[in-house]
Amino acid sequence: MAHITIQNVRKSYAKTEVVHGVNLQVQSGEFVVILGPSGCGKSTLLRMIAGLESISAGEISIAGKVVNDLEPHERGCAMVFQNYALYPHMTVGDNIGYGLKVAGLPRAARVAKVAAVAASVGLTEFLDRRPGQLSGGQRQRVAMARAIVREPAVFLFDEPLSNLDAKLRVQMRHEIRRIHNQISATSVFVTHDQAEGMTLADRLVVMNKGVIEQVGTPEEIYHAPASVYVGGFIGSPAMNFMGGMVAPKQACVALENGSQIAIPAALAAAHAGRLVHIGLRPEALSLVPAGTGAFDATFDFVEELGPARLYHFRFEDVMIAVLSADKPPVQAGQPMGLKIAPEAVHLFAADTGKRLDAPALVQENVLA
Amino acid sequence: MIERTPFLNIATHAILAFGLLMLLLPMYLVIVAASHSLQDVVAVPPNLLPGDQLWINLQAAWAKGHLGERFVTTFIVAMGVMTGKIVLSCITAFGIVFFDHRLKMPIFWLIFITLMLPLEVRIVPTYAVAANAFLPFQTLLDLSGITWLVNALSGVEVKLEWNLLNSYAGLIMPLVATATGTFLYRQFFLTIPEELVEAAKMDGAGPLRFLWDVLIPLSRTNIAALATIMFVYAWNQYLWPLLVVTDQSYAMIAVELSRLVPKFSATGGEVPKWHIAMAGTLIVMLPPIVVVVAMQRWFVRGLINTDK
């Protein structure tokens, strides 16, 4: 059990800084997912926790102990790599037990531990095989077993599922969550896949360009994204954005073409006259006959998803996606009304990109 | 580009067969010459079929050239060069590839430059060093004035000397110090994924542990290849052993073989004993052939068992 404290951590290579002062507190036993696009510094941050990258500035402590100058194995971390990083010349058993061997554990004890861990991830019958003879999913299991067997206080995952096919990815996701619950280590998981982030995380950390955009439970991040960036990054299909100005009298946001989208009155009053971006989740929009919704948009095309359909509309110069299980009669080039509940509209300041409503909730999470 | 046409197939195979023939013909002639008596060997037109004197000639060559002793000497040198080379190149390549330090590139280039200076080119300075392995240090001391200083202060003349002439060390060490092996290892080490190094770090393995537990097992086929090359290379050494060794008990086999091949002037007009010389050649080339054939099985096994 160990909590991780990251304070003002920066990382620069030569003159370019890639992580610009990150603060994060990970509670003991928590499963934290760091989510972001490639190049946002999430892997670098993880590798700094692991000790594989030096920390340019700031401080990282694990279980209250500053680890900046400790070797990776002294930090009590175990890591699962994207490409598994198994020793190709060793059997599965030797791969799992190598850390214990280096630590000087006697053979008998080692074999027993390896056997127990292998059983827990369903590798017992593969102990004598080489990694080359295993499938991707099995290799990833070996990599996890190798990490588990060291009984780490902190479990680090560096995009461990991105080399697996879609079905296996979901399966391994469940497995990882199960293992986390079982061994009660603190887990930090880095990924660019929001589905992994949403499903695995106790708390989600969204990073962009070397800074943390938002920290919160998956639910908070989905329902109250702190910025335009988070809103657009989390949620699939992605959030629709439009520009407009808050009109307090009508409790709405006035779009450039004169359409009005209702928002809660209190919010409109607080930000009267402000230029904003509004974010509309495709699943929050519903389809109504032209002229009866908040605004009309021109239907373009539809994607069949099975349980629902994704309707694409053209509105001014932006594309609007609507996720709907309804099957209204639509025709390309014809207008259609789109409706949304005032509470479902996300409001962001046009200049800063920050969320305008519920600042208390967002603030609290960033500072936590 | 792989072409699959009957004509090209035939042509390429014909070229291959021709090449093979060109390689095997001299070998065949050696065997033929080694299996005849002297009269038959020098007869005109030459005999092109093997005779029945092979065993007798082999025995004569073995006794005349003291090949038994020479085998032992040469084997010791070849094994020494092979082992020394494998260990030295492995460690240097390890240092060059896996450690980040400022001297990394300069050291790499220094090693690289030695490729352009094979032993044959720098044989005179190498001989000077072999005559006194401490010569470079002595020179440094002399030039820096330390020799003079020590002499003036204590009256002791600093004279470092370590003679390598007529010793196994003198035979082996200059042959070990070449860049080829380092390159072979370097190229292989560069293919090791970074994550493997990091996994070992997370497992708590230090650099030497990583070298021993991961790198060396992974470079088995490399080691086999290098061992083969170095064994054959050392076994066939002629020029350096000829220079550095005057004591006959250290003579290497290629040097001894040249003595079996008679010089016309030395025989005083007598017909050179080609049949004995050829029989000796057959014996001498046997160990490298055995090594190559034996190690080839290793290569193949290494290629089939690709772990990556």
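A:Val32 has A:Val188 as its bridge partner in strand E8 of chain A. This is a predicted model, in which local features need pLDDT of at least 70, side-chain atom pairs count only at pLDDT 80 or more, and totals for chains, interfaces and linings use all residues. Residues are numbered from 1 along each chain as its sequence is written, while chains are lettered from A and ligands numbered from 1 in the order in which they are written.

Strand E3 (residues 31–35) of chain A runs parallel to strand E8 (residues 186–191) of chain A, and 5 bridges join them. E3(A) also runs parallel to strand E9 (residues 203–208) of chain A, through 4 bridges. There, A:Leu35 has A:Val206 as its bridge partner. Two strands count as paired if DSSP finds at least two bridges between them. Helices (H or I, at least four residues) and strands (E, at least two) are DSSP runs, numbered from the N terminus.

## A strand covered on both faces

Is E3(A) buried or exposed? In E3(A), 5 of the 5 residues are buried, so the strand is largely enclosed by the rest of the structure. Buried means that 20 or more other C-beta atoms, placed from the backbone, lie within 10 Å of the residue's own; exposed means 12 or fewer, and partly exposed lies in between.

In a regular strand the side chains alternate between the two faces of the sheet. On one side of E3(A) sit A:Phe31, A:Val33 and A:Leu35; on the other sit A:Val32 and A:Ile34. Both faces are covered.

## Chain A in outline

Chain A has 10 helices and 20 strands. Its C-alpha trace spans about 75 × 45 × 35 Å along its principal axes. Of its 368 residues, 42% count as buried. Take the contacts in chain A between residues at least 6 apart in sequence: 66% of them join residues at least 24 apart. A contact means that two C-beta atoms, placed from the backbone, lie within 7 Å.

Chain A is assigned domain 1 (4–228) and domain 2 (231–358). These bounds come from an automatic or database domain assignment. The two domain centres, taken over C-alpha atoms, are 38 Å apart. Where the domains touch, 9 residues of domain 1 of chain A are in contact with 14 residues of domain 2 of chain A. The domain 1 side has 7 nonpolar, 2 polar and no charged residues. Nonpolar here covers Ala, Val, Leu, Ile, Met, Phe, Trp, Tyr, Cys and Pro; charged covers Asp, Glu, Lys and Arg; the others, Gly among them, are polar.

## An antiparallel sheet

An open sheet of 5 strands in chain A has the order E13-E12-E11-E14-E20, with antiparallel pairing. Strand E13 (260–262) and strand E20 (346–349) of chain A stand at the edges with a single partner each, so one side of each has no neighbour in the sheet. Neighbouring strands of this sheet are turned by 40° against each other on average, direction ignored. Such axes are lines fitted to C-alpha atoms, for helices over the stretch in contact, and angles run from 0 to 180 degrees between N-to-C directions.

Strand E11 (residues 240–247) of chain A pairs with strand E14 (residues 275–280) of chain A over 6 bridges. In E14(A), A:Gly279 partners A:Phe241, and A:Ile278 partners A:Met242. E11(A) also runs antiparallel to strand E12 (residues 252–255) of chain A, with 4 bridges. Here A:Met245 stands opposite A:Ala254. The hairpin of E11(A) and E12(A) has 4 residues between the strands, and A:Ala251 takes a positive phi near 50°.

## The nonpolar core

How many residues are in the largest nonpolar core? It has 157 residues, and those with the most contacts inside it are A:Ile34, A:Ile49, A:Val154, A:Leu156, A:Val205 and A:Leu338. Such a core is a set of buried Ala, Val, Leu, Ile, Met, Phe, Trp, Tyr and Cys residues joined through C-beta atoms within 7 Å. Helix H4 (residues 67–98) of chain B gives the largest share of this core, 10 residues. Domain 1 and domain 2 of chain A both give residues to this core, so it lies between them.

Leaving out residues up to four places away in sequence, A:Ile49 touches A:Ile4, A:Ile60, A:Cys77, A:Leu156 and A:Val188.

## Where chains A and B meet

The contact takes 18 residues from chain A and 16 residues from chain B. Strand E6 (77–80) and helix H2 (92–102) of chain A each supply at least two residues of the chain A side. H2(A) gives the most, with 3 residues. By class, the chain A side has 12 nonpolar, 5 polar and 1 charged residues.
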